[in-house]
Amino acid sequence: MQEPFVGSTRLRLAGLALHAYTASGTVLALLIVIAAIDGDAVRALWLGLAALVIDGTDGMLARRLRVKETIPWFDGAMLDNIVDYLTYAFAPIVLLWSGNYLPNGAWGAVLAALPLLASSYQFCRVDAKTDDHFFLGFPSYWNVVAFYVVVLGLSPVTTGVILVVCSVLVFIPVKYIYPSRTKVFRSLNLITTAIWLAAYAVLLAQMPDPNTIVVAVSLSYLLYYGVLSLYLTFWAPRRKVS
């Protein structure tokens, strides 16, 4: 019988440091909320970019450091979900609400509540991340929604429609690409995601007058992401069967 992997003290300490790295996302969420309340949407989005980088790298590092085996008493997946809910859902919605990007009055409150409720459901689903490394249903990218609302200067009505549509998509079982883990086209997914992150930074640096070419490059990634997700959900399985 094979002995369980324990690892060195140095490896365990590295794992604990990694969990602290992941947990720093909660502080970023707080800073995003503060920036939103201060009326500084661009600062909030820069902080959101930092949260995206942390979320995009901590899982890879966790697997390399084998934290599940060296620190089995700590649930890193639960920590990741807590951080993701705060940085991907709660803080971005606060930004949209406090920045007057939503309709006034009761309708704005309802529209702000919908993503939070939908994401609360999604983060508690045991199959929200599939065994073959996809997100099932719209993966609560409300931070991405908030980014484009601010950068493109979308109207409250348009923003409200997007929130409703994406909230509904949470419950529709489309398999969305998990850029750092989905095996199909993984290299291309990583490259295009890196380009999108770079475009994100460039657009923020250019605010309040983002370059239309950079905007087009950024939006083309969304098109790629959506089309490939739909293809892998509906058409690719049929081709295998046939």
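**Salt bridges and a nonpolar patch**

Lys175 and Asp132 form a salt bridge, with their closest N and O atoms 2.7 Å apart. This pair links distant parts of the chain. Lys175 lies in strand S2 (residues 175-177), whereas Asp132 sits in the loop between H5 and S1. The two are 43 residues apart. Lys175 is partly exposed, at 22% relative accessible area. Asp132 is also partly exposed, at 36%. The model is predicted.

In total, 6 salt bridges are counted. Among them is the pair of Asp80 and Lys129, whose closest N and O atoms are 3.6 Å apart. Asp80 counts as buried because its relative accessibility is 12%, under the 20% limit. Lys129 is partly exposed, at 35%.

Asp38 pairs with Arg43, the closest N and O atoms being 3.0 Å apart. Asp38 is exposed, at 52%. Arg43 is partly exposed, at 34%.

A nonpolar surface patch covers about 530 Å². Its residues are Trp107, Val110, Leu114, Val164, Val168 and Ile172. H5 gives the most, with 3 residues. Val164 lies in H7 and is partly exposed, at 34% relative accessible area.

Ile162 is also found in helix H7 (residues 156-169). Ile162 is partly exposed, at 27% relative accessibility. Beyond residues up to four places away in sequence, Ile162 touches Val145 and Leu154.

Definitions and conventions: Residues numbered from 1 in each chain as written. Predicted model: local features only at pLDDT ≥ 70, side-chain atom pairs only at ≥ 80, totals over all residues. Heavy atoms only, no water. Helix = DSSP H or I, 4+ residues; strand = E, 2+ residues; numbered from the N terminus. Buried < 20%, exposed > 50% of the residue type's maximum accessible area, 1.4 Å probe, protein only. Contact = heavy atoms within 4.5 Å. Patch = residues over 30% accessible without salt bridge, like charges linked within 9 Å, V, L, I, M, F, W, Y side chains within 5 Å. Areas by Shrake-Rupley, 256 points an atom, 1.4 Å probe, with all protein chains shown as cover. Salt bridge = Lys/Arg side-chain N within 4 Å of Asp/Glu carboxyl O.
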